[in-house]
Amino acid sequence: MQNTALNILKTGNNVFITGSAGTGKTYLLNKYMFYLKSRKIIPTIIAPTGIAASHLQGQTIHSFFSLGIRSEIDDYYIESLLNKKYLQTRFSKLKVLIVDEVSMVSPEMFLAMDKILRAFKDNDIPFGGVQTILSGDFFQLPPISRVPKDKRFAWQSPSWKELSLKTCYLQEKFRQDDNVLISILDEIRTANISQNSYDVLNARYHKELPIDFTPTKLYTHNIDVDRINSDELAKINNPAYLFKYKSEGTAKNIEKIFKSSLVLEEMSLKKDAVVMFIKNNHELGFVNGTTGVVVDFDKETLLPIVKTSSGSLIRVSLEDWSMENDSGNIVAKVSQVPLKLAWAITIHKSQGMTLDSAEIDLSKTFEVGQGYVALSRIKNIDGLRLMGLNDKALSVDPLILHIDDRIKAASQKASEEILAISDENLQEILDQISLVVTTKAN
């Protein structure tokens with residue numbers, strides 16, 4: 001299916017890539033991006049959260065589309081965006097848009113992206129005629145919503161239907177190397193969980209893991225995550241360094257910055273603290289979601305030095321979080337170290353991660369998909385230490401169960417269509433499309 005899906009992408013169609021956790025959606029996107037770059041086409045990768053975006057070296061939807069803290073926009077706001085030179089340049093270069101973790105994108109945000117691209121491309125076809133690749137699994141976490149809504153998924157936006165997407169439903173598992181875990185995850189997807197699966201999960205209850213490092217702790221609520229991180233920091237017998245934010249602008253605007261970002265007013269750090277970056281800085285080598293350990297503090301600035309999980313050494317400097325008015329002028333700014341403690345993270349923030357082991361607490365599950373996302377982060381059931389389950393922990397949205405067969409049928413149709421084309425004719429089609437797109441890109 002991977003090669004078939006890659007050929008569907010190469011035809012220049014708008015495509016929806018889906019499949020259960022660990023079926024290689026990111027791997028497929030990376031192969032397509034390599035194909036595009038070999039033809040001097042640089043795709044843009046965006047996702048609803050910073051951590052999700054970091055897996056493909058992308059950026060957040062809010063950042064790319066200059067949405068600020070908005071999820072909905074009106075014509076007046078689009079007019080204000082059209083006057084910004086840097087956005088004119090950004091969107092004029094856009095040829096291929098990849099939206100990852102699309103299950104977390106609301107219908108309102110999806111429509112906003114469509115409207116902005118139509119305006120900047122001066123083209124009233126969906127997404128302004130940009131090839132749009134959507135990747136994600138609707139069995140995973142839905143968009144966060146403060147109030148109950150009738151329509152909560154991107155596929156319920158009229159813009160989704162107008163894209164005339166070809167569907168690729170990937171089924172072969174790559175992340176999990178364990179048939180027991182795969183079976184549990186597949187049962188969750190059919191809302192038909194066997195007693196055997198419950199027995200397997202119960203056997204992992206408070207299980208000591210045979211590892212020499214602290215496993216990542218996944219919890220449903222921020223309050224638990226904050227408590228665990230504070231407790232872990234207190235256990236370290238090293239001096240604490242306190243970092244307080246600096247700001248410019250009115251108190252009201254500064255408060256808005258704190259509410260719309262992960263930046264903290266105060267940040268206490270020690271050598272050996274486990275941390276996560278909460279901002280992108282490609283020049284220094286980190287993105288929102290990069291994890292690491294504080295290994296020292298600079299003797300002059302006293303700012304932390306972090307060794308990332310990939311082995312890079314980063315001398316952290318203060319980063320700015322700013323707020324612009326409709327004219328593009330900065331009206332408020334907060335400066336702080338771009339870090340937060342990361343022994344524990346919320347399940348919502350973990351979507352897209354792959355972990356060797358995890359301590360997972362699902363006793364306070366409040367959203368469908370949370371249990372599925374948490375369990376699918378690990379490669380093997382032996383990497384699970386389960387702290388608790390509640391009745392909602394393994395549930396999935398009934399609406400997604402209802403449409404899953406339709407998505408599979410659409411994928412089957414798209415596969416049959418591309419496989420019906422002879423290799424020779426397919427190569428001719430791909431060469432023609434590649435030539436047109438490359439000419440446009442240059």
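This is a predicted model: local features need pLDDT of at least 70, side-chain atom pairs count only at pLDDT 80 or more; totals for chains, interfaces and linings use all residues.
## Helices across the parallel sheet

Contact here means heavy atoms within 4.5 Å. Helix α1 (residues 2-10) lies across β1 (15-19), β5 (131-135) and β6, and runs at about 160° to β6. Helix α15 (residues 398-419) also lies across β1 and β6, with an angle of about 105° to β6.

These strands belong to an open sheet of 6 strands, paired in parallel and ordered β3-β2-β4-β5-β1-β6. Each of the edge strands, β3 (59-60) and β6 (166-170), has a single partner, so one side of each is left without a neighbour in the sheet. Further in, β2 (residues 44-47) pairs with β4 (residues 96-99) in the parallel sense over 3 bridges. I46 finds its bridge partner in β4 at V99.

F65 and L97 have the most contacts inside the largest nonpolar core, which holds 67 residues. Helix α7 (residues 107-121) supplies the largest share of that core, with 7 residues.

There is also a second, separate core of 23 residues, which includes V15, L29, C168 and L430.

As a reminder, an α-helix has 3.6 residues a turn, so residues three or four places apart point the same way.

## A run of antiparallel hairpins

Now for some antiparallel pairing. Strand β12 (residues 291-297) is joined to β13 by 5 antiparallel bridges, and F297 has P304 in β13 as its bridge partner. The hairpin of these two strands has 6 residues between them, and L302 takes a positive phi near 65° there.

β13 also pairs antiparallel with strand β14 (residues 313-315), through 3 bridges; the partner of V306 in β14 is I314. In this hairpin 4 residues lie between the strands, and G311 in the turn has a positive phi of about 100°. Of the 5 residues of β13 (residues 304-308), 4 are buried, so the strand is largely enclosed by the rest of the structure.

Definitions and conventions:
Residues are numbered from 1 along each chain as its sequence is written. Side-chain values use heavy atoms; hydrogens and water are left out. A nonpolar core is a set of buried Ala, Val, Leu, Ile, Met, Phe, Trp, Tyr and Cys residues joined through side-chain atoms within 4.5 Å. Buried means under 20% relative accessible area, exposed over 50%, partly exposed in between (1.4 Å probe, protein chains only). Two strands pair if DSSP finds at least two bridges between them. Axes are lines fitted to C-alpha atoms, for helices over the stretch in contact, and angles run from 0 to 180 degrees between N-to-C directions.
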